[in-house]
Number of protein chains: 2
Amino acid sequence: LSDGRSIGDVGEHSFLERLCARLSARAAASGSSAAHRVLVGPGDDCAVVGPSAEPLALTTDTVVEEVHFRRGWLSPAEIGERVVTVNLSDLAAMAATPRFCLAAVAIPSDRPARDLDELLDACAGWCEAAGAVLVGGNVTRADRLSVTVTAIGAVEGRWLARSGARPGDRIVVTGTLGGAAAAVASWLAGAEPPAALRERFARPVARLAAGRALAAAGARAAVDVSDGLLADLGHLCTASGVGALVARARLPRLPEVARLDASGQDFAATGGEDYELVAALPPEVAADLARLAGECGVELTDVGECTAAAGVVMLDEAGRDVTPARGGFDHFAGRSAAGASRSETR
Amino acid sequence: LSDGRSIGDVGEHSFLERLCARLSARAAASGSSAAHRVLVGPGDDCAVVGPSAEPLALTTDTVVEEVHFRRGWLSPAEIGERVVTVNLSDLAAMAATPRFCLAAVAIPSDRPARDLDELLDACAGWCEAAGAVLVGGNVTRADRLSVTVTAIGAVEGRWLARSGARPGDRIVVTGTLGGAAAAVASWLAGAEPPAALRERFARPVARLAAGRALAAAGARAAVDVSDGLLADLGHLCTASGVGALVARARLPRLPEVARLDASGQDFAATGGEDYELVAALPPEVAADLARLAGECGVELTDVGECTAAAGVVMLDEAGRDVTPARGGFDHFAGRSAAGASRSETR
């Protein structure tokens, strides 16, 4: 960018798209030797690199206190578990198996040392529960708590990219949607969320078995729901060169979310951070979802289909277009100046 | 920790030592299967994991604006290059060859988008210059700029841990010491540092070829100088169960640093962030340093020897103990409250 626009003015997604395109070109150019084979470059849920008996999936993601959550919402242990899940979910979306994690923590020096103990113990425990080992990391001082985890997984079968969906593919989601965002809305309104919603935000689970089972069954593309169903499905559609029609009434919701969405909210369609998977399945694969759900270890719901026409459109039961104007969370939107108080969080 | 002491009160190094011990035990317990073989766990410059034709070295490190540098000291491109070097230097200290990097950036939304472009382009370019590919990353919003890079390297020969040094081994350092810290001192005093010192802070180079050449020649242990020579040598000695005697007069210094150290400073002994390597070499390997320096592509200096007695002691030319009371930088020291203004940086 040769002009002086801020990141907030450019907008997160247009900025990232441009950036990924540029870094992908560089990675492709420099990643052509045998030792540096880049099978999937920047812009997908994970990079996939080789060579090795099995390729590796690589991903990194950061959670920042007062941006992704407010102090007091989560215990130190929940923060540690959550940032591990955020990364393992990217491995799940590629159908990779977690092997190793690293954790880099930035933390104010006046925080109780016990908090850091609990956070890192929870990181290690959550890695172990997913079959991975926390092999290293780093701690540094900062004004705000933030944790960056890097997850390294093995791709044992075929991997699932965001690209590959075709018109006519069924759109299938795991678990339920909107619970995490509904919990955040409750906190922001000054109320402790109902336990079921709080759990969705505080202790999401990466759908690792589901990602691998969907890949093995013949899913064509997948992405995890971090920015909201419509936004992340939009990323999958853009990468695949397709569009999508989503049936609002079919979105899987906890009862608490169903009540909120029935009264005019759109948590299931636009709420981020559920860390469920959205996959595009050939119709014949989606025909027996109950059997496939058994293999995935989690409920699967058919919420719509891929279309030849670009764009993600949500329809109500009468077939009316009820697509919200803004389908997902932009980390950089709605901020006037660094350090200003915020009303939004993610 | 069951008491309520803060991280600053406990102190970075004692905290990290305790933490590494606990995480190492966990990693060893869970990293015993073939797929998760942990060859070197938490506490060294990198983790080393297998299996594969060649093991992988994994490391992650963060730089935080206003902690590791002040805004205005470095251009966005220099920030990008520097955080890559910080990580590649850990690979260098293990004698690993860089393959892939990931970059997670947290940045205020009012920063010019151009800054982020320049930072990430420099990250990618600096990776490429070292033979690695920047394959992915993440951008999130935060009050302060911070960048966490994860570097993944291949161990093609033997790796160099911090442990393994023996009494009688010669202590050898690459390049020159203290330049980065002298540049910081100059900035903190309100003056632009001399170009040669600024370059040491702004554009350090990871000693990748040197790490591999030292390992191939038979070095027994190595560490990179991020906290200061005496501090990092202390880590090597602790891991190896030895001590060290260092000759203050022999420390390699740029002329600007030599002048400062001659007038009562101790930049070469205690200044961090030079990203040189310190290695323990059997005396016969250290006998022909000029030849070995040719293989390393950088000057090597014999600065002392490992001892059976624990502790790192620095001697002047008259043989007097001139070890400073505090040998290295503690990220968490000297802070009373988060957000308070700081006089120290790293």
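**Figure 1. Polar contacts across the interface of chain B and chain A in a predicted model.** Across this interface, 19 residue pairs are in polar contact, both residues being at pLDDT 80 or more. A polar contact is a pair of N or O atoms within 3.5 Å; within protein, one must be able to donate a hydrogen and the other to accept it, and residues adjacent in sequence count only if both atoms are side-chain atoms. On the side of chain B that touches chain A, helix 2 of chain B gives the most, with 10 residues. By class, this side of chain B has 39 nonpolar, 25 polar and 21 charged residues. Here Ala, Val, Leu, Ile, Met, Phe, Trp, Tyr, Cys and Pro count as nonpolar, Asp, Glu, Lys and Arg as charged, and the others, Gly among them, as polar. Helices (H or I, at least four residues) and strands (E, at least two) are DSSP runs, numbered from the N terminus.

**Figure 2. The salt bridge of B:Arg144 and A:Asp143.** The two side chains meet at 2.5 Å, N to O. A salt bridge is a side-chain nitrogen of Lys or Arg within 4 Å of a carboxyl oxygen of Asp or Glu. Between chain B and chain A there are 6 salt bridges.

**Figure 3. The open sheet of chain A.** Its 6 strands have the order 1-2-3-6-4-5, with mixed pairing; two strands pair if DSSP finds at least two bridges between them. Strand 1 (38-40) and strand 5 (133-141) of chain A are the edge strands, each pairing on one side only. Strand 4 (residues 97-107) and strand 6 (residues 146-154) of chain A run antiparallel and are joined by 9 bridges. In strand 6 of chain A, A:Thr150 stands opposite A:Leu102.

**Conventions.** Residues are numbered from 1 along each chain as its sequence is written, and chains are lettered from A and ligands numbered from 1 in the order in which they are written. In this predicted model local features need pLDDT of at least 70, side-chain atom pairs count only at pLDDT 80 or more, and totals for chains, interfaces and linings use all residues, while side-chain values use heavy atoms, with hydrogens and water left out.
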